[in-house]
Amino acid sequence: MARALLALASALPAVLALNNGLALTPQMGWNTWNRFGCGIDEDLIVGSAKALVSNNLTGLGYNYVLIDDCWHADSRDPDTGAPVENKDKFPNGIKGVADQIHSMGLKVGIYSSAGTYTCGGKFGSLGFEEIDAKTYASWGIDYLKYDNCYNEGRAGTPLISYERYNNMSRALNATGRPILYSMCNWGEDGPWNFAVDIANSWRISGDIYDNFDRYDVRCPCTDMLDCKLPGFHCAVTRILDFSAPLGQKAGHGHWNDLDMLEVGNGGMNFDEYVTHFSMWALVKSPLILGNDVTNMSDDTKTIVTNDAIIAVNQDPNGSPATRVWKRSLPDGGDLQLWSGSLVNNQFVFAVLNTGTSNHTEDISLIDVFTDQGKSFGSGTFTLFDLWQKDDSGKWGKNIGDFQGSVSVTVGSHQTKVYRATPASSSKRALEEL
C-alpha cells in the first residue's frame with residue numbers, strides 16, 4: 001500500500017500540469033524571436049506591449065508578451081545559481097518589465113531551454129529547473145517557452161524526453177504560481193503522445209521561416225511521425241502537412257503548436273499570409289504574433305484582427321479541424337479540404353490551394369461533414385465566408401443556403417474559410433448519432 005501511495009504521489013504533479021487552468025483555448029500573444037532574434041531590450045518589450053493595447057489586439061485575445069532568447073546575463077548568480085538578466089538590456093530587471101506589462105492588463109512570458117545552453121548560447125535550465133522556476137515566479141512570469149537546444153543527448157525515446165521536460169513541469173507547479181508551459185522540443189520523440197500530461201502546448205516541428213512552400217534541406221522530414229531530424233527553415237505548407245494527423249491529440253489545456261506566426265514579416269504575399277493565419281487558427285495552434293507590432297501595415301492589421309477567424313481558433317469546443325482530402329492539381333501543388341466542429345451545432349471548413357493557378361471546385365458537403373454522417377451532410381446549410389465582410393462591416397458574410405455542394409474558386413496560395421450552420425430542414429439521422 002505504501003508503495004502504491006508513493007507512486008500515486010509521484011504522479012500528481014503531472015496531473016496538476018494538465019489541470020493548471022491555463023490555455024483552455026489556444027494561447028494568443030506576441031513573441032520577440034521571429035522579427036528581432038537576440039536584438040531585444042526593455043524598451044522593445046514594453047513598447048510592443050503598449051502597441052498591443054493601442055492597436056486593440058488585446059481586445060481580440062493577444063494577451064501574452066513573450067520575451068524569447070537572449071534576455072540573459074553572461075552567467076548565473078555565482079552564489080545561488082539563480083538566473084540573472086542582462087542589466088544593460090533590462091535595467092529595471094525582468095521583474096520591472098513584468099510589472100509594467102501587468103499594469104497594462106497583459107501577461108508576460110520568458111524563455112529557456114531544457115539543455116545546458118539556450119539556442120542563442122545563453123545558460124540553459126537543464127539541472128537548474130527548481131531555482132529557475134522559483135525565480136521566474138518571483139519575477140511575476142506567467143508563461144515559459146522551453147526549448148530543446150544543447151540537451152546532452154537526453155532524447156531518442158518518448159520516456160527520456162518526457163522525464164527531461166517533466167522536471168520543469170514539476171518545478172513550475174511547485175511554485176504555486178500558474179505558469180503556462182509551452183514545450184518547444186520540435187516534435188522530437190512525438191510530444192503529442194507524452195506532453196499532454198505535462199504541458200499546455202508542444203511544438204510539432206522544426207522552426208518556421210517566412211516562406212509559403214519552399215523546400216529547404218534543413219527541414220528534411222516529409223512527416224513528423226517518424227522524423228529523426230526536425231531541423232529548421234520549415235515552410236508554412238510543410239508544417240501544415242506535419243500537423244494534419246495530429247489534431248486528434250489536442251484539446252482543452254493542451255495544444256499542438258505549429259510555431260509562431262510570420263504574418264507581417266515580408267516573406268509572403270497577402271493571400272499566403274491569410275492562408276498561414278487561417279490554417280493555424282483552424283487547427284487550434286497558439287496564435288503568437290512574430291512581427292513588429294509597433295509598425296504594422298494595413299494588410300497585416302487586416303489579417304491578424306479578423307475576429308471571425310480568431311473566434312474559430314478560440315471556439316470553446318476546442319476541436320481542431322481535420323484534413324478531409326488532399327488532391328494533386330495539374331499545374332503542381334494541391335487542393336485541400338479541411339473541416340471541423342464548433343459549438344452550438346456550427347461547423348467550419350476551409351479550401352486551400354497550394355498550386356500556381358486559380359482553381360474552381362465543387363465541394364461536396366457530404367465530404368465537409370464526413371464526421372457527422374452522410375444523412376447530415378445531405379442537408380441544407382447556411383454558409384458564411386469568413387474573409388468577406390457583411391453590410392455592417394463584420395467578418396463573415398452570409399453567402400446563402402447550399403445543399404449537396406458549393407462551388408468554390410480559390411486563387412493560387414489562397415484559402416477560403418466558411419462557417420456552416422444547418423438550415424432548419426437539416427437534421428442528423430438518429431441511427432448515425
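I began with helix α5 (residues 129-139), where Glu129, Asp132, Ala133, Thr135, Tyr136, Ala137 and Trp139 are buried. Buried stands for under 20% relative accessible area, exposed for over 50%, and partly exposed for what falls in between (1.4 Å probe, protein chains only). Helices (H or I, at least four residues) and strands (E, at least two) are DSSP runs, numbered from the N terminus.

The model is predicted: local features need pLDDT of at least 70, side-chain atom pairs count only at pLDDT 80 or more, and totals for chains, interfaces and linings use all residues. Residues are numbered from 1 along each chain as its sequence is written, and side-chain values use heavy atoms, with hydrogens and water left out.

**Around α5**

I looked up what covers the buried residues of α5; the cover includes α4 (93-103), β3 (107-113), β4 (143-147) and α6 (158-174). Contact here means heavy atoms within 4.5 Å. Just after α5, I noted that Gly140 takes a positive phi of about 90 degrees.

**The sheet**

I then traced an open sheet of six strands, with antiparallel pairing and the order β9-β10-β11-β16-β13-β14. β9 (322-328) and β14 (395-403) are at the edges with a single partner strand each, so one side of each has no neighbour in the sheet. From one strand to the next the twist averages 25 degrees. Two strands pair if DSSP finds at least two bridges between them. Strands of a sheet pair through backbone hydrogen bonds, either parallel or antiparallel.

I took the pair of β9 and β10 (residues 334-342) as an example: it is antiparallel and runs over six bridges. Lys326 has Gln336 in β10 as its bridge partner.

Which helices lie across these strands? Helix α8 (residues 236-243) lies across β9, β10 and β11 (346-353), at about 55 degrees to β10. Helix α9 (residues 270-282) lies across β10, β11, β13 (380-389) and β16 (415-422), at about 40 degrees to β16. For these angles, axes are lines fitted to C-alpha atoms, for helices over the stretch in contact, and angles run from 0 to 180 degrees between N-to-C directions.

**Asn306**

I looked up Asn306 next and found it in the loop between α10 (298-304) and α11 (307-313). Is Asn306 buried or exposed? Asn306 is buried, because its relative accessible area is 0%. Its side chain reaches the backbone nitrogen of Ile309 at 3.1 Å. I counted this under the polar contact rule: a pair of N or O atoms within 3.5 Å, where within protein one must be able to donate a hydrogen and the other to accept it, and residues adjacent in sequence count only if both atoms are side-chain atoms. Leaving out residues up to four places away in sequence, Asn306 touches Leu386, Trp387 and Trp395.

**Cysteines**

A disulfide is a covalent bond between the sulfur atoms of two cysteines. I took as a disulfide a pair of cysteine sulfur atoms within 2.5 Å. How many disulfides does this rule give? The count comes to four.

Cys38 and Cys70 are joined, S to S 1.8 Å. Cys38 is in the loop between α2 (33-36) and α3 (42-54) and Cys70 in the loop between β2 (64-66) and α4, so this pair ties together parts 32 residues apart in sequence. Cys38 is partly exposed at 34% relative accessibility, whereas Cys70 is buried at 1%.

In the disulfide of Cys119 and Cys149 the sulfur atoms are 2.0 Å apart. The torsion about its S-S bond is about 95 degrees, so the disulfide is right-handed. The pair links distant parts of the chain, 30 residues apart: Cys119 in the loop between β3 and α5, Cys149 in the loop between β4 and α6. Cys119 is partly exposed at 34%, and Cys149 is buried at 14%.

Cys219 is joined to Cys234, S to S 2.1 Å. Their S-S torsion is about 100 degrees, so I logged this disulfide as right-handed. Both cysteines lie in the loop between β6 (201-203) and α8, so the pair ties together parts 15 residues apart in sequence. Cys219 is buried at 2% relative accessibility, and Cys234 is buried at 0%.

With bonded cysteines counted along the chain, the disulfides follow the pattern 1-2, 3-4, 5-8, 6-7. Cys184 is in no disulfide, and the nearest cysteine sulfur, that of Cys119, is 6.9 Å away. I noted that Cys184 is buried, at 2% relative accessible area.
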